[in-house]
Structure formats: structure tokens, C-alpha cells
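Open the model in your viewer and keep the selection tool ready. We will go stop by stop.

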Amino acid sequence: KPREKESPGPEQPLLEASEVDNAGVILKVTHPPVVGSDGSCMFFEDSIIYTTQMDNLRHTPTTASPQPREVTFLSFSLSWEEMFYAQKCHRFLTDIILDSIRQKDPKAMTAKVVSLTNRLWTLHISPKQFVVDLLAITGFKDDRHTQERLYSWVELTLPFARKYGRCVDLLIQRGLSRSVSYSILGKYLQEG
């Protein structure tokens, strides 16, 4: 097959000051075992999620208070398989951000990754545009096969990830988490 002409995707503007404040948060939540609504006996006790819902965190202690009643299991309104794919999507979104930070990429590049993730999560861009723009960033492998597979995967898993994120958010709000730790991305991007 003839190779398509490689052209960089449209340049993404860096985050504006107001966007940096709401760039999102990466949460690591330890919670009682969560089972799916499909009756599967498989469960999750830890969740790493990307979220833009930071208002609830301001009122949540990083370690949960002891509950008056012991919670053995929680059930989310997702099947175990949907929760599995939701967690994979959250891991992908958080890993591309954390990898950029760990590799000490220039802050402008990390800001692009954070901005794209935020825009995907808040539904300001489609999964297809997210993949095209992400793979256009220097350092990402961009070929047609990778684009198509990643696009299909993000499109499939994003709705599950968003629903799972809302469930974890409710779990935190109701004080059912054992611990919550978080990384505020806007603070990282603002630091000199």
C-alpha cells in the first residue's frame, strides 16, 4: 500500500489560565470491593480515574473516616466487563499524562496531552479527533493502523469510563472510600 503523506494534526493551543485551573485530577481511590451488576464474582478494590469533578474533592478528606457500618461489597450499575474496560480507559488516559510527566517532557507537550484528555473527557472533541491530535504529538507512533485501532478502542471504552467515574465520585461523596489520593494537573502545569 502506498504510504499516506504524514501531516501533523492541527496544533492544539496551550491551556489558558482558566483551563489550567480545571485541567483535571488523577484520583487513586481504595474502596470496598466493587462488583458488577451481572452477578460476576470478580471485583475491584482500587480505582485510578481521571476526572474534572474537583468540587467534591475540596470537601473530602484524603483518608476516609471510619464508617459506622461495615461495607462488605458495593455494586455498580455496570457489568464486570464494562468496569474492566472502564478501568482500562482510565488507566490509558492517566498513563499518557503521567508518562509525559515521568519522562520530563517539556511542559508545553504535557499541557497538550492534558488539554486533549480534558477536552475528550468533557466531550469537547470526539474520540476520533482526540486520537488524531494525540498521535500528532511528537513521540507518539502515528500510522493508519494504530489510529484506527486506538480510535475504535477509545470510542468503545469512553462511555464505560465516564459512567464508572461517576460511580467512584458517588462512592467518595458518600464516604465509602478507604483512602483517596490525587494529583491536581493544573498545579503541575503552573509550577515553574
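## Stop 1: Thr117 and its contacts

Select Thr117. Beyond its neighbours within four places in sequence, Thr117 is in contact with Tyr50, Leu93, Ile96, Ile97 and Phe130. Keep in mind that this is a predicted model. Thr117 is found in helix H4. Is Thr117 buried or exposed? Its relative accessible area is 0%, and under 20% counts as buried, so Thr117 is buried.

## Stop 2

Now select Ile97. Setting aside neighbours within four places in sequence, Ile97 is in contact with Ile26, Tyr50, Val113, Val114, Thr117 and Leu185. Tyr50 is also one of the contacts of Thr117.

Ile97 is part of the largest nonpolar core, which has 27 residues. Which members touch the most other members? They are Phe92, Ile97 and Phe130. Colour the elements that give two or more residues to this core: strand S2 (43–51), helix H3 (80–102), helix H4 (107–121), helix H5 (127–135), helix H6 (144–173) and helix H7 (185–190). H4 gives the largest share, six residues.

There is a second, separate core of 19 residues. Select some of its members, including Val25, Ile49, Tyr164 and Leu176.

## Stop 3: Aromatic pairs

Show the aromatic side chains. How many aromatic pairs does the structure hold? It holds seven.

Zoom in on Phe43 and Phe73. Their rings are 6.0 Å apart centre to centre, with 80° between the planes, and the pair is edge-to-face. Phe43 lies in strand S2, and Phe73 lies in the loop between helix H2 (55–58) and strand S3 (74–75). The two are 30 residues apart in sequence, so the pair ties together separate parts of the chain. Phe43 is partly exposed, at 39% relative accessible area. Phe73 is partly exposed too, at 47%.

Move to Phe92 and Trp153. The ring centres are 5.6 Å apart and the planes meet at 80°. Why is this pair called edge-to-face? Because planes over 60 degrees apart count as edge-to-face, and this pair is at 80°. Phe92 is in helix H3 and Trp153 is in helix H6, so this pair links parts of the chain 61 residues apart. Trp153 counts as partly exposed, at 25% relative accessibility.

Next, select Phe44, Trp80, Phe84 and Tyr85. Ring pairs link them into a cluster.

## Stop 4: Charges over rings

Select Lys128 and Tyr151. The charged end of Lys128 sits over the ring of Tyr151, 4.9 Å from its centre. Then select Arg162 and Trp121. Here the charged end of Arg162 sits over the Trp121 ring, 5.4 Å from the centre.

## Stop 5: Two packed helices

Show H3 and H6 as cartoons. What angle do they pack at? It is about 105°, with the axes 7 Å apart.

From H3, pick residues including Glu82, Met83, Tyr85, Cys89 and Phe92. From H6, pick residues including Leu150, Trp153, Leu158, Tyr164 and Gly165.

## Stop 6: Zoom out

The protein has seven helices and four strands. From the N terminus on, the elements run α-β-β-α-β-α-α-α-α-β-α. Of the 192 residues, 41% count as buried. Among contacts with a separation of 6 or more, 79% join residues 24 or more positions apart.

Conventions:
Residues are numbered from 1 along each chain as its sequence is written. This is a predicted model: local features need pLDDT of at least 70, side-chain atom pairs count only at pLDDT 80 or more; totals for chains, interfaces and linings use all residues. Side-chain values use heavy atoms; hydrogens and water are left out. A nonpolar core is a set of buried Ala, Val, Leu, Ile, Met, Phe, Trp, Tyr and Cys residues joined through side-chain atoms within 4.5 Å. Buried means under 20% relative accessible area, exposed over 50%, partly exposed in between (1.4 Å probe, protein chains only). Contact means heavy atoms within 4.5 Å. Rings of Phe, Tyr and Trp (its six-membered ring) pair if their centres lie within 6.5 Å; planes under 30 degrees apart count as stacked, over 60 as edge-to-face and the rest as tilted. A charge sits over a ring if NZ of Lys or CZ of Arg is within 6 Å of the ring centre and within 35 degrees of the ring normal. Axes are lines fitted to C-alpha atoms, for helices over the stretch in contact, and angles run from 0 to 180 degrees between N-to-C directions.
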